[in-house]
Amino acid sequence: QLVESGGDLVQSGESLRLSCAASGFTFDDYAIGWFRQAPGKEREGVSCISSSDRAYYADSVKGRFTISSDNAKNTVYLQMNSLKPEDTAVYYCAADLVPCSSYELYNFGTWGQGTQVTVSS
């Protein structure tokens, strides 16, 4: 099970930290991905962290977002800085035994319920 939290309404340029808390599986064996879906748009990959803590980012968030994991807490974080209105979406975390290097290509097996991020201009 995955539970996201941390979504909020913020202004452009502000920051948020999303959390993805995992339970029921050996967290540190899995790739954990963050995805987002804006109204009327397809879901897109945002970031992924591998079991060896290697991080991958979509070009649209590179340099602004940072993914990290705390294996002791079974939690993955997505620090989002310099937020833009186009970052507005429901953000989901997902877990699976897939390579993070091509995480956008996989349909992850375990998903959270999502958390809303809204960035006003």
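1. The largest nonpolar core has 35 residues. Such a core is a set of buried Ala, Val, Leu, Ile, Met, Phe, Trp, Tyr and Cys residues joined through side-chain atoms within 4.5 Å, where buried means under 20% relative accessible area, exposed over 50% and partly exposed in between (1.4 Å probe, protein chains only). Trp 34, Phe 65, Val 76, Leu 78, Met 80 and Tyr 91 have the most contacts inside this core. Two or more residues come from each of strand 3, strand 4, strand 5, strand 7, strand 8, strand 9 and strand 11 (115-120); strand 9 gives the most, with 5 residues. In soluble globular proteins, nonpolar side chains tend to be buried together.

2. On conventions: this is a predicted model, in which local features need pLDDT of at least 70 and side-chain atom pairs count only at pLDDT 80 or more, while totals for chains, interfaces and linings use all residues. Residues are numbered from 1 along each chain as its sequence is written, and side-chain values use heavy atoms, with hydrogens and water left out. Strands (E, at least two residues) are DSSP runs numbered from the N terminus, and two strands pair if DSSP finds at least two bridges between them.

3. An open sheet is formed by 4 strands in the order 1-3-8-7, with antiparallel pairing. Strand 1 (2-5) and strand 7 (65-70) are at the edges with a single partner strand each, so one side of each has no neighbour in the sheet. From one strand to the next, the twist averages 15 degrees; axes here are lines fitted to C-alpha atoms, and angles run from 0 to 180 degrees between N-to-C directions. Within this sheet, strand 3 (residues 16-22) and strand 8 (residues 75-80) are joined by 6 bridges, and Ser 19 stands opposite Tyr 77.

4. Strand 4 (residues 31-37) has 6 of its 7 residues buried, so the rest of the structure largely encloses it. It is joined to strand 9 (residues 89-96) by 7 antiparallel bridges and to strand 5 (residues 44-49) by 5, also antiparallel. Ile 32 has Ala 95 as its bridge partner in strand 9 and Ile 49 in strand 5. The hairpin of strand 4 and strand 5 has 6 residues between the strands, and Gly 40 takes a positive phi near 75 degrees there.

5. Ser 52 lies in the loop between strand 5 and strand 6 (55-57) and is exposed, with a relative accessible area of 60%. Its side chain makes a polar contact of 3.0 Å with that of Ser 50. A polar contact is a pair of N or O atoms within 3.5 Å; within protein, one must be able to donate a hydrogen and the other to accept it, and residues adjacent in sequence count only if both atoms are side-chain atoms. The C-alpha atoms of Ser 52 and Asp 29 are separated by 8.5 Å, with the two residues 23 apart along the chain.
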